[in-house]
Amino acid sequence: MVASTDIAVGNDLRLRVRGLNVSFRRNDGPPRQVVKDVGFDLQRGECIALVGESGSGKSVTARTLLGLAGENSIVQAEALELDDETLINRSDAWWRGVRGSKVGFILQDALVSLDPLRPVGKEIAEAVALHRSMARSARWAAVVELLERVGVPEPEIRAKQRPGELSGGLRQRALIASAIALDPGIVIADEPTTALDVTVQAQVLAVLEQMIAGGTSVILISHDLAVVSRVADRVLVMKGGEIVEAGETEQILRAPQHAYTRQLIDAVPSEHTKGTRLSHEGRVAAAELFPDRAASDVQGDIPLLEARGGHQELPRAGQGPAHRRQRGLVPAQARRDTGRRR
Ligand SMILES: Nc1ncnc2c1ncn2[C@@H]1O[C@H](COP(=O)(O)OP(=O)(O)OP(=O)(O)O)[C@@H](O)[C@H]1O
């Protein structure tokens, strides 16, 4: 089993996790362990994807990093450090200070996460007010700027609307705005595009990519390997609470070593399931990943991950998310907008 990923520790280390174990107390027996000896590092401006079957411990791992593992949880670790501060045995008040300001979170369905009765701008403003004292007008201006930053058109008008009055894509962007309102170094995104119409998934992914390019570190939980291959620098594959494989996205998806990882990749539509149409987002990703292909090739019924010689066709060296960022392929405007160095 892979206990931790091999990565050089630099000055940009945001999060250090070593030997993380999470169990849940039960009334009818001994505690049940659901996260086992998990370890990884997260650098500034890096995106790590947690993938794995349902119940493999991805969300519990992520929730532990927000102090939300649950009342019945027992969290133990050799090291669990955010910007060199331990996250172990912290009070609820301490966590309230960390959530939002140091670690932001975006969950699957903004309709559930946002208060349906309050205008989205007001909710974001209140999140800001919890941590920063600011005049009301300055706070509102900051909210409008945030909504604009995540690509919400007519932000002054949208800020006054309730979640139910917004489309799914706008709601999710409002949620992202709320997650980054306090400029947290880390954002945890648990299936951030799953509940969205395919036509807006790509836009939301673009916002995530801009955040990462601007220095935010992201922990992405996703079942969608097309999303993972587009956004994540590294992948941790979880099974039964353990990391069974870890490495750079391209390497893991192109040449998985573990049988379980191969199963996950095989579950992605391939040439064998020809006729499966790519989502809009898939086509956008495919066009980016295979720029030398004729445009018509990525319009219709071809899969993003195409089976060839028993392996899936994935981004070649120099085409993954990290390389895209290094080569400045994230728009300059986006870098300016989100590029405050922390
Ligand atoms: N508060 C809790 N009390 C007891 N068991 C829990 C609690 N929260 C999660 N679990 C259990 O922990 C295990 C891991 O759950 P987790 O939500 O992390 O899975 P996951 O990999 O995120 O799955 P999914 O992809 O379906 O969200 C599951 O068996 C789940 O039932």
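Two strands count as paired if DSSP finds at least two bridges between them. Strands here are DSSP runs of E with at least two residues, helices are runs of H or I with at least four, and both are numbered from the N terminus. The model is a predicted one, where local features need pLDDT of at least 70 and side-chain atom pairs count only at pLDDT 80 or more, while totals for chains, interfaces and linings use all residues. Residue numbers start from 1 along each chain as its sequence is written.

Strand 8 (residues 186-190) has a neighbour in strand 7 (residues 103-106), and the two run parallel, joined by four bridges. Strand 8 also pairs with strand 9 (residues 217-221), again parallel, through five bridges. V187 shows up in both pairings: it is the bridge partner of G104, and it stands opposite V218 in strand 9. Four of the five residues of strand 8 are buried, so the strand is largely enclosed by the rest of the structure. Buried means that 20 or more other C-beta atoms, placed from the backbone, lie within 10 Å of a residue's own.

Next, the ligand. Around it sit F24, V34, G52, S54, G55, S56, G57, K58, S59, V60, G70 and N72, counted as near if the C-beta atom, placed from the backbone, lies within 6 Å. Helix 1 (residues 58-64) supplies the largest share of this shell, with three residues.

As for helix contacts, G121, I124, A125, V128 and A129 in helix 4 meet R139, W140, A142, V143 and L146 in helix 5, where contact means C-beta atoms, placed from the backbone, within 7 Å.

Methods: Two residues are in contact if their C-beta atoms, placed from the backbone, lie within 7 Å. A residue is buried if 20 or more other C-beta atoms lie within 10 Å of its own, exposed if 12 or fewer, and partly exposed in between; C-beta atoms are placed from the backbone.
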